[in-house]
Structures are given as C-alpha cells and as structure tokens.
Amino acid sequence: MKIFVIIFCLLIFTTPAIANANLDSDNDGVSDEDEIKIYRTDQFKADTDGDGYNDWQELNNGFSPHNFRQVKLEDNDTDGDGLSDRMELNFHTNLNNPDTDGDGYKDGEEIKNRFDPLKGDKVKLDKKIEINTKKQELSYYLGGVKLGEFSVSSGKNNSTPKGTYKVLNKITKAWSPYGLWMPYWIGLGTGKFGIHELPIWPSGYREGENHLGHPVSHGCIRLGIGPAKLIYDWAEKGMSVKIY
Ligand SMILES: [Ca+2]
Ligand SMILES: [Ca+2]
Ligand SMILES: [Ca+2]
Ligand SMILES: [Ca+2]
C-alpha cells in the first residue's frame, strides 16, 4: 500500500513537469522551457524578432532570434554586455541580462578578466591551450569553453614534443639559436621550445607566411600575424598547454 501511494504520488507530481519540459506553445520547435531559460525568446511568438524566420530556424542555422537583420549569434550582442549571444549560450549566461550574477560586473568584462560570470564572488576560471598537431590547430579555452582557434605550423617530422606543459615565460621578441627572431615567444616546459609568431630573419624576411597549416618548423609552434599577439597577451605564466 505504502509503495502504491509513493508510486501514485510520483506519477501525479512528475508527469506535469515532464509534459511542461516538452511544451512548445508557439509550435516553433523550441520548447517553452528552452525559450525561457536558455534562448530568452518569446515562448508565445514563433518568430521573436519578426524577421520571417522562426526561432528554431534561426538557432538551427546559427542566426540570432533577437535581431530582425540576418546576424549570426557570434556577431550579435543582445544585451550589449560585450559578450556575443553565441558565447553567452556557451557560458550559460543570460543573453538578455548584461550582469547575469548581479555582482556589478558585466558578463563580457568578467570573461575578459577571467572571472566566472555565474558566480558573484571573485571565482577565477581556468585557462587552457590545446594544440592539435594533426589538424595543425591551436585552440584556447576559458572555463572549458572554447574561445577560438587558429591555424599553426608545428615541427616537421613530428619534432614537436607531445604532452602537457606549463608556460615558462613570455618574451616579446626572443632570439632563436637558428639565427632568427621569434616574436611573441611563449616558452613551454623547460623553454627548449614554445609558441611564437612566424619568425623573422635579421634581413627582415618573414619566414613561412604560407606554411600555416603545415608542419615545417624545427619543433616550435608558429602562429600567424595577429593570432600570435592575441595568444601572447592572453596566455599566463604557469598555465597549461596540451600538445597532442
Ligand atoms: Ca517554442
Ligand atoms: Ca526570427
Ligand atoms: Ca551579450
Ligand atoms: Ca557579473
């Protein structure tokens, strides 16, 4: 009898919740729950921004359902907090509230300064770089969320050591024993190799501009002009770099 009562209670209390989770009032393919909690769209209006495409079509094709112009999620910032709608979805922040955790700092500022935008106290998020030598790609992550990726040139004949290394040092313009400059040097492990911008010969000639995407270096990981400075500025001494 007791078991029967428990089962009966479970049925009456859980069934409506399950039904609600799948409820799609405006029949646009996105559940009410997801519209309210994740996408912050109008659960009673299939086409929230009135551009002729319903919310599901927009989200499924990577467009913002909050902009009547055809703007991609990564190029739209609904709440103007410096964090794109795409990144808000990735970080699980509220794309319609510039300060999700209400601590006085905008979501975009928090991400830029490495703070958790979901926790009011000053909790720092982990930074991580990963280099995929097969794909010749460097990705960088904050709190497990990928912020971006760049094409690299790693060592020829598998000469880039695999494993997880810590950032040893950062030097704006390091000198290589091969007789060339390595701008935006990020030393890894014991500093015998690292990440840097396409190297420059003393004559001024820039090495390997067309080599990104191909493993041609002596073991270092080369980045293009632009991405090298971005990663240099973003990287911190002691942070983890995984090469595989
Ligand atoms: Ca819906
Ligand atoms: Ca729309
Ligand atoms: Ca935003
Ligand atoms: Ca905040």
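**Entry 1: a glutamate to begin with.** I started at E88, which has 0% relative accessibility and therefore counts as buried. I keep in mind that I am working with a predicted model.

**Entry 2: the calcium site.** Next I looked up what E88 is doing by the calcium ion (ligand 3), and its OE is one of the protein donors. The others I noted are OD of D77, D79 and D81, plus O of L83, and the donors lie 2.2 to 2.3 Å from the ion. Written along the chain, their spacing reads D-x1-D-x1-D-x1-L-x4-E. D77 sits in the loop between α3 (55–60) and α4 (85–91), while E88 belongs to helix α4, eleven residues apart. I checked D77 for cover too: its relative accessibility is 27%, so I put it down as partly exposed.

**Entry 3: the fold as a list.** Read from the N terminus, the order is α-α-α-α-α-β-β-β-β-β-β-β-α-β. The radius of gyration came next: 24 Å, well over the 18 Å from the globule rule for 244 residues, so the chain is more spread out than a compact globule. My box along the principal axes, filled by the C-alpha atoms, is roughly 80 × 50 × 40 Å.

Entry 4: I found 43% of the 244 residues buried. Of the contacts with a separation of 6 or more, 41% join residues 24 or more positions apart. The chain exposes about 13,500 Å², with 56% of that supplied by carbon and sulfur atoms.

Key:
Residues are numbered from 1 along each chain as its sequence is written. Chains are lettered from A and ligands numbered from 1 in the order in which they are written. This is a predicted model: local features need pLDDT of at least 70, side-chain atom pairs count only at pLDDT 80 or more; totals for chains, interfaces and linings use all residues. Side-chain values use heavy atoms; hydrogens and water are left out. Donors are N, O and S atoms within 2.8 Å of the metal (3.2 Å for Na, K and Ca); water is not among the atoms, so sites may look incomplete. Helices (H or I, at least four residues) and strands (E, at least two) are DSSP runs, numbered from the N terminus. Buried means under 20% relative accessible area, exposed over 50%, partly exposed in between (1.4 Å probe, protein chains only). The radius of gyration is taken over C-alpha atoms; the globule rule is 2.2 Å times the number of residues to the power 0.38. Contact means heavy atoms within 4.5 Å. Accessible areas come from the Shrake-Rupley method with a 1.4 Å probe; for residues, only the protein chains shown count as cover.
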